[in-house]
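Please open the model in your viewer and keep the selection tool at hand.

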Amino acid sequence: FHYGFVIVLGGFIIMALLHSMLQTCFSLFLVPVTEGMGVTRTQFSLCTSVVAIVTMFVSPKMGKLLGKKITRTIFTLCVAGMGLSYATYSFATEIWHMYISAALVGAFSCGAVVMPVSIIISNWFEKGRGTAMSIALAGSGLGGTVITPILNNLIASQGYSRAFLIFGILMVVIEVPIAFFVMRPSPADMGLEPFGHNSVDKASSGKKKETVEVNVTLAELKKQPFFYIYLLGIFAMCVCGYGSLGQLSAALTDSYGATFSAAIVSCVLLVLTPAKISLGWIYDKFGSKIGTIYVMAVYGIAFLLLAFVTDNPMVMYAMAVCFSIGISSGTVSPSVVTAATFGSKDYGAIFGFVNIFSMAAMIVGSPAIAAVYDFAGSYKFAWITCFVLSILSIICLVYADMRCKKVFADRIEVK
């Protein structure tokens, strides 16, 4: 037994509560808050944009801090800060009060959820890193499934203000001990080696299994054109991920009706957790290039089916499976591919910088696809645009991986 598996479990629990309340379940407050405050849905939805914008600006600095020896302290403070900030939503009497709370949530969540979990797991795993990350990050799917009915009942019985307060407190009570006592930043802190260090490959007659890794710094990458091509690929990938999900229900409703649309969206969410875990396994088994080609090609198939099949309900179930596989790229791929392409030594700083473009995609993704729909009068061209972006992401990320290994060939380490 290796303590790295405890780290994965801790990350799973962090994602299950914090990420679910930050993303998946926050929409459950939309109707009660807008009706209670007398504001529009657009005004309330700006809270999500505020969170993303603040996260985007804080991310580079947070990545550097989490990559240093103070990871444990920063992580714990950010988890506590996120929970307390979330609780302050309960005191809002005007919509601008919620924007202040959203800014605080955005600042603290940057150092409390995906980034620290990814950095810590990267430190703990040399073998099976992609699978470990994907299992931990999949906690958001299960967490959202479990929390949704509980939160709905709480809002109905206690009101949205009390629900914000209770879940903010739960974040602190449950997650702060996990962040401080369970999520140890590095195996060296416990006198251990990363999982897979000096592992033996049984298929190779007991020889040590070699892992190839290129380790470069953010400062060095900023001088390389291929790094900006990589960032374009991440942006294109995340526009597909964050943008398409927000428009899927509306597109299906236009073609098949609200009842069938709800059934397909439920199918997407059902498949999402195993899709995330399987994607991590594929990255480990076949490498980041093959994994990226696989996930974005399957995503591209889903977009083509949405664009050109508007009268065949059975095909939409196949689309739902492809869509689930594809959308898992938004959470799993940036973390896994960044580590695989640029190494783990300066991973915190690099991923913090990469996260700017993930957050930018979150901000513009859904509005951009909706704008294509408004311009063309149909989702067909929106889905074709997503297909083009999925192919662009493959080209950019695969090229950047190959170019990095060529430019920094002298940095390649065999472990």
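**Before selecting**

This is a predicted model, in which local features need pLDDT of at least 70 and side-chain atom pairs count only at pLDDT 80 or more, whereas totals for chains, interfaces and linings use all residues. Residues are numbered from 1 along each chain as its sequence is written, and side-chain values use heavy atoms, with hydrogens and water left out.

**Stop 1: H3 and H5**

Select residues 41-66, helix H3, together with residues 95-109, helix H5. Helices (H or I, at least four residues) are DSSP runs numbered from the N terminus. The two axes come within 7 Å and cross at roughly 30 degrees; axes are lines fitted to C-alpha atoms over the stretch in contact, and angles run from 0 to 180 degrees between N-to-C directions. H3 and H5 are therefore roughly parallel to each other, a term for angles under 35 degrees. H3 passes H5 in a right-handed crossing, that is, with the near helix turned clockwise from the far one by less than a right angle.

Next, show the side chains in contact (heavy atoms within 4.5 Å). On H3 they include Phe 44, Val 50, Val 54 and Met 62, and on H5 they include Ile 95, Met 98, Tyr 99 and Ala 102. The contact residues divide into 15 nonpolar, 4 polar and no charged. Here Ala, Val, Leu, Ile, Met, Phe, Trp, Tyr, Cys and Pro count as nonpolar, Asp, Glu, Lys and Arg as charged, and the others, Gly among them, as polar.

**Stop 2: H3 and H6**

Ser 59, Met 62, Gly 63 and Leu 66 of H3 meet Met 115, Pro 116 and Ile 119 of H6. This contact has 5 nonpolar, 2 polar and no charged residues.

**Stop 3: H1 and H8**

Select H1 (4-24) and helix H8, residues 139-158. The helices pack at an angle of about 60 degrees, with axes 7 Å apart. H1 and H8 are therefore oblique to each other, the class left after angles under 35 (roughly parallel), over 145 (roughly antiparallel) and 65 to 115 degrees (roughly perpendicular). Their crossing is right-handed. Among the residues that meet are Phe 12, Met 15 and His 19 in H1, and Gly 143, Gly 144 and Ile 147 in H8. By class, this contact has 8 nonpolar, 7 polar and no charged residues.

**Stop 4: the largest cavity**

A cavity is a set of points on a 1 Å grid over the protein atoms alone where a 1.4 Å probe fits but cannot get out, and lining residues have an atom within 4 Å of a point. How many cavities of 30 Å³ or more does the structure hold? There are 2. The largest contains about 80 Å³ of space; volume is the space filled by probe spheres set on the points, which are joined across faces, edges and corners. Select Leu 22, Gln 23, Phe 26, Cys 47, Thr 48, Val 51, Ala 52, Tyr 86, Tyr 89, Val 105 and Met 362 to display its lining. H3 gives the largest share, 4 residues. The lining has 9 nonpolar, 2 polar and no charged residues.

**Stop 5: the second largest cavity**

Finally, select Ser 288, Lys 289, Thr 292, Val 337, Thr 341, Leu 397, Val 398 and Asp 401, which line the second largest cavity. Helices H13 (288-308), H15 (329-342) and H17 (380-407) each give two or more residues to this lining. The cavity has a volume of about 30 Å³, and its lining has 3 nonpolar, 3 polar and 2 charged residues.

Terms used
1 Å grid on protein atoms, 1.4 Å probe; cavity = no way out; pocket = protein on both sides within 12 Å on 5 of 7 lines; lining within 4 Å.
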